[in-house]
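Please consult the sequence and structure shown here.

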Amino acid sequence: MGIKMNMPKQEPVCRTIHQYSQGAIPEEDLEKLLEIAEDYRTVKNYVYARYGGIGSLSKLYPGYTIQNEMTDCGLRAELGMPSVYYYRAVFDALGDIKCGWARTKTRLLKLIGRNERFTDEEKHYLRFLLKSNNAFEAVLNRKPILLPQEIQAKHDEIAEQVDVKKLQGYLCRQVRKYHVRNLHTDRAEGFFITERAYRYGEKDSGHPGDCRKKQYGIFVAGKEKRKRIFIPLTDENAYKQQLYIKLKREEKKIEIDIPVEVKIRKHPDYTKKVGLSQGIWCMFTTHEGVAYGERFGELHQELVEYMRAAARTYSREKNNNAGRKKYKAHKARLDARLETYVNQEINRMIDVEKPGVFYIPGLPKNGAAGYNKDINYSTGVWKRGLIRERLEQKCREHSVEIVEVFGKGISTECSNCGGMGKYSKDRFWCECCGYEADKKVNAARNAISRGRTELVWEK
């Protein structure tokens with residue numbers, strides 16, 4: 001039995017904030033933005049198709065060879081695409097390809113570690129190949145492994161102890177089996193934009209008699225030279241970094257996603273150790289019996305009921321449906337209200353408890369093997385991932401540790417004597433010692449107990 005620890009990071013935490021366009025964007029301007037998004041998609045798919053295979057592995061790092069080849073291929077001239085978008089699309093696609101290879105390597109490392117048929121020497125050799133980009137690329141492309149002198153000597157030393165042909169063949173088979181090939185995107189819903197391609201400022205409203213003579217917004221570079229597209233915004237904030245422009249064609253609006261760094265705060269008085277249990281109706285209960293997020297279940301149930309009713313209506317009128325615009329807008333408002341409530345309650349919990357560390361049971365991962373159709377719809381769409389994600393974000397910002405404890409049996413174990421008890425609805429009782437408490441309080445007490453006594457390892 002063990003627990004996982006998330007250590008607080010000392011570097012700034014990145015979070016995403018949003019800006020929104022004010023009113024409907026003129027059709028002409030929206031079409032210009034959609035054209036940029038379509039070109040952006042075209043460039044990404046071109047890069048996926050040309051450089052997504054094993055033959056281009058040697059060009060991926062650092063990627064300047066691909067940049068030069070994309071300059072000479074003529075695609076930018078064919079599209080008439082500004083360089084600020086063209087090269088951003090190229091490196092965006094390269095980032096996706098690199099992430100795909102990183103996921104494949106991570107999966108193979110786990111498979112190798114669990115494979116009992118391999119000796120320690122064989123596992124060591126396979127890990128060496130996976131961690132050396134040059135060696136990995138050479139094996140997949142059936143080429144001799146040529147490395148810098150010191151690393152080559154290390155490779156030759158390890159290779160002498162194993163059947164190289166067998167292990168390299170195994171690696172090639174696993175890559176063919178698990179690596180996701182043929183990356184492709186069919187949706188032109190947005191694009192990244194660098195600081196060179198936009199500026200914030202004011203523009204005449206253009207409406208005679210309008211008391212607001214100036215409108216604040218963002219000027220975005222278009223495909224026409226020296227002509228920028230002005231988009232009024234709902235706020236007057238200005239940023240200087242890469243942004244993501246998300247297009248909402250049906251609503252004739254845009255959303256701007258801005259990554260910002262949040263400075264980590266350290267609180268000398270945040271020293272308390274707090275056990276937590278997470279629930280469907282109440283977000284968190286501490287080992288001392290304090291509840292946070294008691295209205296979460298109510299707000300979430302409203303969202304669930306709306307989704308269920310809309311699904312029935314859509315199914316019943318599928319052949320004569322006017323569209324999902326109103327449904328999406330109302331669902332977005334319910335989602336936003338729920339997310340705001342989650343943030344407020346987590347902030348309140350951290351402010352009140354002043355924790356140095358939270359002990360919380362680890363949640364099982366969703367998967368096909370664990371899926372049960374009999375579980376009710378409300379539980380199936382429970383936003384536990386949102387709650388845990390926001391908790392981790394807030395704890396990083398306040399230098400608070402989160403320790404995940406082993407969760408099996410945590411609800412049925414008696415926190416008073418350690419025996420096995422029972423619970424019904426919200427109450428827990430132990431037949432061994434007679435202890436009785438709220439079910440969530442008992443689980444939270446077990447969480448802090450396991451956190452203090454069990455083996456700890458870094459996540």
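The text below treats salt bridges, then a charged surface patch, then a helix.

The model is a predicted one. Its salt bridges number 31. Three of them are listed here.

| Pair | Closest N to O distance |
|---|---|
| Glutamate 35 and lysine 223 | 3.0 Å |
| Glutamate 69 and lysine 59 | 3.1 Å |

Glutamate 35 and lysine 223 form a salt bridge. This pair links distant parts of the chain, 188 residues apart: glutamate 35 belongs to helix H1, and lysine 223 to the loop between strands S5 and S6. Glutamate 35 is partly exposed at 40% relative accessibility, and lysine 223 is partly exposed at 25%.

The salt bridge of glutamate 69 with lysine 59 joins helix H2 to the loop between H1 and H2, so it ties together parts 10 residues apart in sequence. Glutamate 69 has 21% relative accessibility and lysine 59 has 26%.

Lysine 166 in helix H8 and glutamate 122 in helix H5 are 44 residues apart. Glutamate 122 is buried because its relative accessible area, 10%, falls under the 20% limit, whereas lysine 166 is partly exposed at 43%. Elsewhere, salt bridges with shared partners connect Glu28, Lys32, Glu224 and Lys227 in one network.

On the surface, a patch of positive charge comprises Arg117, Arg142, Arg173, Arg176 and Arg181. Arginine 181 lies in the loop between helix H8 and strand S3 and is partly exposed, at 49%.

Helix H10 covers residues 325-353 and spans 42 Å, close to the expected 42 Å. Its buried residues include Tyr327, Asp335, Glu345 and Glu353. Just after H10, lysine 354 adopts a positive phi of about 50 degrees.

How values were computed: Residues numbered from 1 in each chain as written. Predicted model: local features only at pLDDT ≥ 70, side-chain atom pairs only at ≥ 80, totals over all residues. Heavy atoms only, no water. Helix = DSSP H or I, 4+ residues; strand = E, 2+ residues; numbered from the N terminus. Expected span 1.5 Å × (residues − 1). Buried < 20%, exposed > 50% of the residue type's maximum accessible area, 1.4 Å probe, protein only. Patch = residues over 30% accessible without salt bridge, like charges linked within 9 Å, V, L, I, M, F, W, Y side chains within 5 Å. Areas by Shrake-Rupley, 256 points an atom, 1.4 Å probe, with all protein chains shown as cover. Salt bridge = Lys/Arg side-chain N within 4 Å of Asp/Glu carboxyl O. Lys, Arg positive; Asp, Glu negative; His and termini not counted. Charge placed at Lys NZ, Arg CZ, Asp CG, Glu CD.
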